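User: Please take a close look at one part of this model, the pairing of its strands, and explain it in plain terms.

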Amino acid sequence: CIYFLTFRYIYCYRPEKGISVIEPDNPLEFSFHVNNRLLTLEWGKGLSILENGKLKLLNGGDFFAHRPIASILPYSKDQLIIFTIRDGAFLYDGHTPTPFQLENHVALNNLVINQAIMLKDGTFALGTQNNGLIVINRIGHLLLHLTRNKGLFDQTILALYQDAHEN
């Protein structure tokens with residue numbers, strides 16, 4: 001199935017069967033494909049997984065009911081790291097989200113995260129709405145902070161991508 005997700009519906013396209021529509025009970029926020037699973041945030045309900053053509057609330061997923069998510073990435077074999085837009089980052093073990101502690105650094109305060117990606121070296125790049133580009137390591141320490149003062153055109157990073165040459 002090829003999935004198309006909107007803020008209201010999930011569309012499943014199969015060339016031999018056409019399009020089927022999944023209608024969630026709640027509006028959808030962003031959706032994420034992580035570890036071969038399709039996760040989406042149902043606003044007011046929480047983080048859910050698409051299984052057998054239906055959305056199922058994840059254990060502890062209600063924690064995110066009113067916390068918009070910017071990115072969900074693999075963290076370890078049994079954990080995901082979930083970057084929210086305004087409420088920081090959380091490790092999720094399939095049951096309970098726990099705060100991911102970021103270094104107490106002015107660059108990491110009051111972030112509005114647009115997107116996060118895991119770089120090939122295992123660090124995380126955060127594209128922010130208000131504070132440029134930030135790179136942190138796996139324990140939340142600041143490695144790099146690029147802002148307008150350090151050469152960016154403005155403070156907003158909308159999307160991130162690391163190419164095959166690790167640029």
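Analyst: Strand 14, residues 133-136, and strand 15, residues 142-146, pair in the antiparallel sense over 4 bridges. A strand here is a DSSP run of E with at least two residues, numbered from the N terminus, and two strands pair if DSSP finds at least two bridges between them. Within this pair, Val-135 has Leu-144 of strand 15 as its bridge partner. The two strands form a hairpin with 5 residues between them, and Gly-140 in the turn has a positive phi of about 85°.

The model is predicted, so local features need pLDDT of at least 70 and side-chain atom pairs count only at pLDDT 80 or more, while totals for chains, interfaces and linings use all residues. Residues are numbered from 1 along each chain as its sequence is written, and side-chain values use heavy atoms, with hydrogens and water left out.

Elsewhere, an open sheet of 4 strands has the order 8-9-10-11, with antiparallel pairing. Strand 8 (69-76) and strand 11 (97-100) stand at its edges with a single partner strand each, so one side of each has no neighbour in the sheet. From one strand to the next, the twist averages 30°; the axes behind such angles are lines fitted to C-alpha atoms, and angles run from 0 to 180 degrees between N-to-C directions. Inside this sheet, strand 9 (residues 79-84) and strand 10 (residues 89-92) run antiparallel and are joined by 4 bridges. Ile-82 has its bridge partner in strand 10, namely Phe-90. In a regular strand, side chains alternate between the two faces of the sheet.
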